[in-house]
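This report describes a structure with attention to its interface, its charged pairs and its local backbone geometry. Please consult the sequence and the coordinates alongside the text.

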Amino acid sequence: MKALFSSTKINRFFSRFCTYLFLIVLSIIIIYPLLITVQSAFNSSDLTAFTLDPHMHWTLANFKQLFSQTLYLTWFKNTMIIAISTMIIQVIIVTLAGYTYSRYRFKGRKNGLIFFLVIQMVPTMAALTAYFVLGLIINGLDQYWFLTMVYVGGGIPMNTWLMKGYFDTIPRDLDESARIDGAGHLRILLQINLPLAMPMIAVQALWAFMGPFGDYLLSAFLLRSPEHMTVAVGLQQFIADPTNQRVAMFAAGSFLISIPIVILFFLLQRNFQSGLTAGGTKG
Amino acid sequence: MEVQKMKKKSVRKAGLLSLIPGIGQIYNGQLLKGIAFLVATAIFLIELVTIGIPAFQGFITLGTVPIRDHSLFLLVKGTLQIIITFIFVMMLILNVNDAKKVAKQYNTLGNVNRSARSILKNMWENGFPYLLTIPAYFVMLFVIVFPVLVTLLMAFTNYDFYHIPPAKLIDWVGLQNFVNMFFLSAYRSTFVSVLGWTIIWTLLATTGQIALGVLTAVISNQKFIVGKKFFRIIFLLPWAIPAFVTIMSFSNMFNDSIGAINQQVISLLNYIPYVHVSDIPWKTDPFWTKTALIMIQTWLGFPYIFVMVTGVLQSIPDDLYEAANIDGANVIQKFTKITLPMILFATAPVFITQYTFNFNNFSIIYLFNSGGPGDVGGGAGSTDILISWIYKLTTGTSPQYALASAVTIVISIIVIGVSLITFKKTHAFSNEEMM
């Protein structure tokens, strides 16, 4: 009896030890590369490669250089303009469409949903040539609004599905009773459902906002002049040229752009769980 | 009595008359609506005669005189005209249905909405769902449907660096590009090799991130863990930071000679007794570049799965595990019989979207090592996947637009086909509530 007790105790100790070991090792694997990048941002600017250097000399020189010698602030501003307009337009469109597909039964609804699902799988960014020609014809090349619309369009199908999934989890009884009280379409949407969907709308807004910050392909392809570039494309130039690598400046620029996004991300991440599971798991 | 006095409207007649849009509505007594349809038709007809017919002609010939005719513009304008015509045909069908419906309504109720006000009110009541989805469809029409259509059509032309308009004309060549891709030895070997790696990449990288995500969620969901919130924040970092930042940083760290992985991690490993690892050619040996790419994608992609699976785990009722404990189930049995089925049931559709995402994951391939090292012909490097090969085909010094479009179509067919089959298999469609 006593032996059995101690063996379960050893077992328990062993399983707890393994659990913490796993968590700690994974944490190190995640933090190590990030720490290197952060540290390199404050390292001297003649840096050629990122390594973790315990004896380094901390300096702000990279940031000064970034602001005085490059177009970083302009790129940052461009990215913000594109990201915020993408966020506003996409969230409005996706919320309206997701709400409709969740609450109304109308002719063409099922076909519409299948259309959203299929169109979401088409690799639209492979249609680069078509975007280029379209931009040429409607004078959209090197223009923010054109890139913004391309981002919005690409985000609609998948996010409409997630949004619809979330609205599906909001009970319909409220709508019914409001309708009996004489509330119209707009009031039911604006005063009852929108406030309840706020967690998901916040998540959608964050994702739509993060999209343009993370994209390289489309912005590199559609925005041509240096003063119209986004941060991703601009920073890539610092390390793209093997003869003139400015890795410390790249690290500094990356650090600055990541800070606001990471803060927003963690402010809103509580909502992710409900949003993701509601949207993706109704099957 | 009144019904007898009232002249019945023929539903058939209303439908037939509507073949000229608006006439059916006027027959039904809805003058304003009828005029609106008539005006829309007139606008379309004027557009068709002045712009449409030349656009269709240009679309068929793709131009006859170089410089004067720009084949590419003719192709695009023709495509736009197809979309406009499609919208008009949809309106025509809508209008016939509307005329029939109103005629029926007239026969049963004895009156129709005549005033502009009541028509608008009716539209607001019944058309509300359409009104709310119009913005989504409008944007998708121009940003997704239109470019995809142009790409589809381009795949049947000979648009490449020998045929750059307006100096040269583009021509329709039928299935030539597809024939080249599948049968011409140079392109076929590139296509086969790129497709092979794309499939291996998709399977390994996605399975890696799903496995790590599920494992991390299951392990960190145990009750006794102290500092859960702290670990959760760390595990979410790879998702929170913009991907291009981490990919480019990794690209630097994996540098063969001066990168941190070879300089620090490998030399640290060599401190372990009896372990000797020499520097690894991460960027110059295709095998190691592929290994690095899969590891990085696992690192980048697991938090998404982790968050989702954690949500599912927290929704599994404790009674299930208690019942299993009473029955004497061990840890592994509890995992394979309760936890895993619950996770898969809830998240299978999302897992599929992760596979399609990696199938087209351009950023990591291009930003890590530009698809290199080496090349496998046709302008593709040894780690290029189909989408990054397309990018190189369209942006390189000797662009092959038509071939790139053909590859795009093949990709789309593969992705859509496989996803639809798996969606069906996982019964994502069968839920009535969902559709």
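How much area is buried between chain A and chain B, and what share of that area do carbon and sulfur atoms give?

## The interface between the chains

The structure is a predicted model. About 9,000 Å² is buried between chain A and chain B, and carbon and sulfur atoms give 77% of this area. Helix H1 (residues 2-41) of chain A gives the most to the side of chain A that touches chain B, namely 16 residues. By class, that side of chain A has 70 nonpolar, 24 polar and 10 charged residues.

In total, 104 residues from chain A and 102 residues from chain B take part in the contact. Across the interface of chain A and chain B there are 0 salt bridges, whereas 9 residue pairs, both members at pLDDT 80 or more, are in polar contact.

## Salt bridges

Over all chains, the count of salt bridges comes to 7. One of the pairs is Lys33(B) with Asp98(B), in which the closest N and O atoms are 3.1 Å apart. This pair links distant parts of the chain: Lys33(B) belongs to helix H4 (residues 31-61) of chain B and Asp98(B) to helix H5 (residues 71-109) of chain B, 65 residues apart. Lys33(B) counts as buried because its relative accessibility is 17%, under the 20% limit. Asp98(B) is likewise buried, with a relative accessible area of 17%.

Arg68(B) and Asp69(B) also form a salt bridge, with 3.0 Å between the closest N and O atoms. Here Arg68(B) is exposed, at 60% relative accessibility, while Asp69(B) is buried, at 13%. In the salt bridge of Asp384(B) with Lys392(B), the closest N and O atoms are 2.6 Å apart. Asp384(B) is buried at 1% relative accessibility, and Lys392(B) is partly exposed with a relative accessible area of 22%. In chain A, a network of salt bridges links Lys164(A), Asp168(A) and Arg172(A).

## The buried side of helix H7 in chain B

Which residues of helix H7 (residues 176-183) of chain B are buried? They are Asn177(B), Phe178(B), Asn180(B) and Met181(B). These residues cover an arc of only 160° around the axis, and therefore lie on the same side of H7(B). An α-helix has 3.6 residues a turn, so residues three or four places apart point the same way.

The cover over the buried residues of H7(B) includes helix H6 (116-154), helix H8 (185-220) and helix H17 (401-425) of chain B. Leu141(B) is found in helix H6 of chain B. Apart from its neighbours within four places in sequence, Leu141(B) is in contact with Ile83(B), Ile87(B) and Phe146(B). The C-alpha atoms of Leu141(B) and Trp172(B) are separated by 25 Å, with the two residues 31 places apart along the chain.

## Backbone features in loops

The loop between helix H15 (362-369) and helix H16 (386-395) of chain B holds Pro373(B). A cis peptide bond, with omega of about 0°, joins Gly372(B) and Pro373(B). Ser370(B) is also placed in the loop between H15 and H16 of chain B. Its phi is near 50°, a positive value in a residue other than glycine. Ser370(B) counts as partly exposed because its relative accessibility is 41%.

In chain A, Asn139(A) lies in the loop between helix H5 (128-137) and helix H6 (144-169). Asn139(A) has a positive phi of about 60°, although it is not a glycine. This residue counts as exposed because its relative accessibility is 58%.

Conventions
Residues numbered from 1 in each chain as written. Chains lettered and ligands numbered in written order. Predicted model: local features only at pLDDT ≥ 70, side-chain atom pairs only at ≥ 80, totals over all residues. Heavy atoms only, no water. Helix = DSSP H or I, 4+ residues; strand = E, 2+ residues; numbered from the N terminus. Buried < 20%, exposed > 50% of the residue type's maximum accessible area, 1.4 Å probe, protein only. Arc of directions from axis to C-beta. Contact = heavy atoms within 4.5 Å. Buried area = accessible area lost by both parts, 1.4 Å probe. Salt bridge = Lys/Arg side-chain N within 4 Å of Asp/Glu carboxyl O. Polar contact = N/O pair within 3.5 Å; in protein donor to acceptor, adjacent residues only side chain to side chain. Nonpolar A, V, L, I, M, F, W, Y, C, P; charged D, E, K, R; others polar.
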